[in-house]
Amino acid sequence: MSQQTEATDIKKKVLATGIRVGTQVKTKFMKSFITKASPEGLYMLDLDITLEKIQTAAKFINRLGAENVIVCSGRQYAETPIEKFCESLGSKKLLGRFMPGTLTNPSLPYYIEPKLVLISDPQVDEQAIIEATNAGIPIIGIANTDNITSNLDVIIPANNRGRKALATVYWLLVRQVLIERGELKEDEPMKEEIDDFETKITEEEIE
């Protein structure tokens, strides 16, 4: 399979996951990533830009070393995607509430000094962004149409609310990091599918 065919196949595969479906709100920060609004009034993100930004993020992760990255999210749907990402690449995960001082107070037992922070939602993960910014640590963030992204170094425009969409972003990131490392060929399938990265919880569990 040629690289171009694989790229087309990847696009087809991820389109069905809702990765580019945004919200009914757009911020000035996300305007340039939006292509149009759907008939339901939802802003749609540009998938080509999303894939391009995933490549940029993967290069960044490889340059600083995946083992020096912490991936955080207070969003329940992001838990399995993050666990899979960290398992595949050797990064560290911080799930649930981000404890104040994690990146800024060396006297705390849980203090850490990563070289890069990856967040799933600028709104939910605001504390991580504040601390990383204060500590001078670069931030990669997955951002939806309604997010404020002023403190992110690399923005991955994507639906960061949907289970399938979040699984897809992390799956694409792992795939791209492995390609950049030379551990996976462009036209080679990943061992794990998007479905393996998806958090399997019901609406009742969330409530």
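**A walk from the sheet to the core**

Strands β6 and β7 lie side by side in the parallel sense, with four bridges pairing them. Keep in mind as we go that this is a predicted model. Within that pairing, isoleucine 140 has valine 154 of β7 as its bridge partner. On the β5 side, three bridges join β5 to β6, and these two strands also run parallel.

Let's step back to the whole sheet. It is open and has five strands, in the order β4-β3-β5-β6-β7, with parallel pairing. Because β4 (92-95) and β7 are the edge strands, each with a single partner, one side of each has no neighbour in the sheet. From one strand to the next, the twist averages 20 degrees.

How many of the residues of β6 are buried? Five of its five are, so the strand is mostly covered. Both faces share in this: Ile139, Gly141 and Ala143 are buried on one side, and Ile140 and Ile142 on the other.

Isoleucine 140 also leads us into the largest nonpolar core, which has 40 residues; Ile61, Phe85, Ile140 and Tyr170 touch the most other members. At least two residues of this core come from each of α1 (3-15), α2 (47-64), β3 (69-73), α3, β5 (116-119), β6 (139-143), β7 (154-157) and α5. The biggest contribution is that of α5, with eleven residues. For a closer look at one of these residues, take isoleucine 61: leaving aside residues up to four places away in sequence, it touches Ala66, Val69, Phe85, Leu116, Ile140, Leu173 and Val177. Another core, of 19 residues, lies apart from this one, and its members include Met30, Phe33, Cys72 and Ile137.

Finally, let's turn to a pair of helices. Two packed helices are described by the angle and the distance between their axes. For helix α3 (residues 79-89) and helix α5 (residues 163-181), the axes come within 9 Å and cross at roughly 10 degrees. Since angles under 35 degrees count as roughly parallel, α3 is roughly parallel to α5. On the α3 side, the contact is made by Pro81, Ile82, Phe85, Ser88 and Leu89. Facing them from α5 are Leu166, Ala167, Tyr170, Leu173, Val174, Val177, Leu178 and Arg181. By type, the residues of this contact divide into eleven nonpolar, one polar and one charged. Phe85 and Tyr170 belong to this contact, and both are among the residues that touch the most other members of the largest core.

Methods. Residues numbered from 1 in each chain as written. Predicted model: local features only at pLDDT ≥ 70, side-chain atom pairs only at ≥ 80, totals over all residues. Heavy atoms only, no water. Axes fitted to C-alpha atoms, helices over the stretch in contact; angles between N-to-C directions. Parallel < 35°, antiparallel > 145°, perpendicular 65-115°, else oblique. Contact = heavy atoms within 4.5 Å. Nonpolar A, V, L, I, M, F, W, Y, C, P; charged D, E, K, R; others polar. Core = buried A, V, L, I, M, F, W, Y, C linked by side-chain atoms within 4.5 Å. Buried < 20%, exposed > 50% of the residue type's maximum accessible area, 1.4 Å probe, protein only. Pairing = 2+ DSSP bridges.
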